[in-house]
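User: Hi! Could you walk me through this model? I'd like to start with the overall layout and then zoom in.

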Amino acid sequence: MEKGPKMKHTTKRTIWVGVAILTIVVIWIKWDSWFYNPPEPVYHPSPEPGRILISWSGDATNSRDVTWEGDTINHQGTLQVTGKSFNGDTTTYNAKSKILKTSGGASAFFRVALRNLNGGETYQYRVANGNLWSDWYSFKMGNVKDSTFSFIYIGDVQDSINGSAGKLFHRASESRPDADFMLFIGDMIERPHDAYWGEWFRSGGNLFRTIPILATPGNHEYHKGVIQRLDERWMAHFPFPQNGPENFKGRACYWDYQNTRIISLDSNGIQSLPSALEQRKWLKSVLENTHKRWIIVIMHHPLYSTSRGRDYFYLRTLFKSLFDQYNVDLVLSGHDHSYGRAAHIPADQGDDKPGTVYIVTHASPKVYDLKFSDKMDKLASNTQMYQILDVSADSIKFGAFTTNGSPFDGFTIRKDAAGIKSISYQQLPNNAKYLMPTNRFLRTNSKKDIEKYNLERDQWLKNNN
Ligand SMILES: [Fe+2]
C-alpha cells in the first residue's frame, strides 16, 4: 500500500525529531570534552627571569631568538651575549616586552632576536629583568657547511604537575647530546594554564635554554569552544617564523635547516572549510617553492590513526595528494597517545615507489587503546617514546626508543643522486608486550570486547612480523 502525504510528513517529522534528540544527547555527553575550559587558578609569576627558551624565527644559519618571562615590564629586559668572535667583549640587547593577561593572572614576556651569528660558534648568554640576572647558558650554532644534523622528536607530553616527562627529555638528549634542535609535536601541556606551562618548562630545564625548540600546536594548547582559540602564551614563548598562511602566522610555518625543509601545519586550527583550504593552499606553495633534499611535515593530528575510534579522513582528503605529489619524506604526528609507523601507503597517483613515512608517537603518561590497522607496520601502546633523527645528504636515519633507551623502531630512508628513494628497516619485530589492552580498556569493556581485541592483535601480529 502506498504511503499517503500525511504519513510521509509524519515519518519525516519523526526522523527530524530523532536527529534533534540525538544531537542534544551527543552534545550533552561531549559537553566537557568539546566546550568546557576549567577556570585557570590564580598565579603570580616570579620577578626573576624564568621559562627561558631558545628557538629561531629567522635564518637558522645565523640567528637565534631567546624568550623568557617575568612579572613586570616596568624594568627593562636585557640579554647579554658573548662568544669567541666577541674577543672577550659582551654585547647587550634590549628585549621587546609585553604583558599578557589571562583569567588567572598576568605575566611579562620578553624576547630578543639575535642576528649575524656565526655557524659552528658557541655562544654564552644570560638574561635580566631589571637588575635580576639569570645564570649563564650556552648554545652552539649548527655548522653551515655541514649537511649532517640530528634532532630529537617528542610526541604529546601532557604531563601531570610534578610529572616525569623531564626524565624522557634528558634521556633523549643524552643519547644525542649534539642534537641541533628538539621538535615537539603539540600537546606539550595538559591544559592552557600557567601551572602546566610551568611544568613543561620545569621538565625541559637547561635543555630548552641551550637547544633550539621547534613545535607545532596541539589541541591542548587551545582553549575549547565552538571556535577554539590558541593560548596567547604560545606566541609569546615561541617566536616562530611569520611565513605561514595569513590567518595562521606563527602557528603554521616552515623552517629551512641545511638540506631540509620542515613544514608545520596547525592541524587543530582546521575548524572550518576556509581554514582547511587556506592551509592547503599555503602548503602547496611551500612544497612547490623549494629545492631542499628532504621534506618533513609536522602536524599534531595524524593522517593515519593508531587509536581506537579515531579516524582523520578529512586530513587525508586535504593533504595526502600533496604529500604524494611533492614526495614528502616524513610526516611526524602525535595526538593518539600510542606509537605507529605507516610506511607502505600507496601514493594516490598509483606508482609503487617508496612514498611518505607516517609516524605517530607520544611521551605522555596517558595511554590510549590501539587500533590494529593494516596501514600500520609497527605499533605500541602503554609505553612512552622519544625519537632521534640523523639527517645527511643521502639519508634520514630514524630511531624510536622506549623510556629506558631501548630501540623500538628504526629505519633509514635513502635517496640516490637522481632522487630515487629506498627504505631499509632495522630488525626489531613487533612485540605483543607493547600491544596489550590498556588498563582503561580492561576496566571499561566487556569480556567479549577484550577477547575481540586480543584476536585482532594476534591477527595483526601475524601479518606484521
Ligand atoms: Fe592531542
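Analyst: Happy to; we'll go from the domains to a few loops and strands. Keep in mind that this is a predicted model.

User: Great. How is the chain divided?

Analyst: There is a domain 1, covering 50-140, and a domain 2, covering 149-441. Their centres, taken over C-alpha atoms, are 27 Å apart. In the contact, domain 1 takes part with 20 residues and domain 2 with 21 residues.

User: Which strands supply the domain 1 side?

Analyst: At least two residues each come from β1 (50-55), β2 (64-70), β5 (96-102), β6 (105-114) and β9 (137-140). The largest share is that of β1, with 5 residues.

User: Switching to backbone angles: what is the phi of Asn162?

Analyst: Asn162 has a positive phi of about 60 degrees, although it is not a glycine. You'll find Asn162 in the loop between β10 (149-154) and α2 (165-175).

User: Is Asn162 buried or exposed, and why?

Analyst: Asn162 counts as exposed because it has 8 C-beta neighbours inside 10 Å, and the cut-off for exposed is 12 or fewer.

User: OK, now Gln258. Where does it lie?

Analyst: Gln258 is in the loop between β15 (253-257) and β16 (260-265). Gln258 is not a glycine either, yet its phi is positive, about 50 degrees. With 21 C-beta neighbours inside 10 Å, Gln258 counts as buried; that takes 20 or more.

User: How do β15 and β16 run, and how many bridges join them?

Analyst: They run antiparallel, joined by 5 bridges. Together they form a hairpin with 2 residues between the strands, and Gln258 sits in the turn.

User: Which residues point which way from β16?

Analyst: Thr260, Ile262 and Ser264 point one way, Arg261, Ile263 and Leu265 the other, and all of them are buried. Since 6 of the 6 residues of β16 are buried, the strand is largely enclosed by the rest of the structure.

User: What about β16 and β17, how do they run?

Analyst: Parallel: 6 bridges join β16 to β17 (residues 294-299). Among the pairings, Ile263 has Val297 of β17 as its bridge partner.

User: Which helix does the chain cross through on the way?

Analyst: From β16 the chain goes through helix α6 (residues 273-288) to β17, making a right-handed β-α-β crossover.

Methods: Residues are numbered from 1 along each chain as its sequence is written. This is a predicted model: local features need pLDDT of at least 70, side-chain atom pairs count only at pLDDT 80 or more; totals for chains, interfaces and linings use all residues. Domain bounds come from an automatic or database domain assignment. Two residues are in contact if their C-beta atoms, placed from the backbone, lie within 7 Å. Helices (H or I, at least four residues) and strands (E, at least two) are DSSP runs, numbered from the N terminus. Two strands pair if DSSP finds at least two bridges between them. A crossover is right-handed if, with the strands pointing away from the viewer, the path from the first strand over the helix to the second runs clockwise.
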